[in-house]
Amino acid sequence: MSTQTQITLGAINMEADDPASLAEFWSAALGGTIDAQDPDYAIISAHEPGGVPLFLMRRSDPRPDRQGQHMDLTVPWGTREQEVARLVGLGASHRWDILDEVPWVQWSTLADPEGNLFCVAEHPPTS
């Protein structure tokens with residue numbers, strides 16, 4: 001029996017009040033295309049080969065008070081502020097920045113148009 005796993009990440013699933021509308025935001029944010037949608041779901045393809053698609057499904061219960069997980073998006077060093085501004089222009093809201101907690105990453109926390117938190121992180125170049 002092999003000890004090496006054959007598991008890969010197939011998709012990220014997220015609940016949405018309006019999957020079609022939220023798919024417009026996320027496809028513009030991530031650069032993927034909306035491959036399928038109806039009132040109850042939307043599928044956004046990965047931006048590049050080997051990337052992870054995003055599946056949005058209609059929320060079945062009220063939004064929880066606390067968000068237990070979120071996406072961390074990584075951008076090249078020195079581009080975080082520009083990307084945050086672009087995402088805010090698409091409909092995200094900027095929540096806060098963490099710039100000096102640890103030396104290997106700086107990030108901004110945002111919320112998508114439905115209030116789902118996500119981070120935009122940049123890592124300094126290594127010498």
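Through how many residues does a hairpin join E6 to E7?

Mentor: The hairpin joins E6 to E7 through two residues. This is a predicted model, in which local features need pLDDT of at least 70 and side-chain atom pairs count only at pLDDT 80 or more, whereas totals for chains, interfaces and linings use all residues. Residues are numbered from 1 along each chain as its sequence is written, and side-chain values use heavy atoms, with hydrogens and water left out.

Strand E6 covers residues 93-102, and E7 covers residues 105-111; strands (E, at least two residues) and helices (H or I, at least four) are DSSP runs numbered from the N terminus. E6 and E7 pair in the antiparallel sense over six bridges, pairing requiring that DSSP finds at least two bridges between two strands. One of these bridges links Ile-98 to Trp-107 in E7.

Within E7 sits Thr-109, which is buried at a relative accessible area of 4% (buried is under 20%, exposed over 50%, partly exposed in between, with a 1.4 Å probe and protein chains only). Beyond residues up to four places away in sequence, Thr-109 touches Ser-93, His-94, Arg-95, Trp-96, Leu-117, Phe-118 and Cys-119, contact meaning heavy atoms within 4.5 Å.

Phe-118 is also among the residues that touch the most other members of the largest nonpolar core, which has 20 residues, as is Leu-110; such a core is a set of buried Ala, Val, Leu, Ile, Met, Phe, Trp, Tyr and Cys residues joined through side-chain atoms within 4.5 Å. Helix H1 gives the most to this core, with five residues. A second, separate core of five residues includes Trp-107 and Cys-119.
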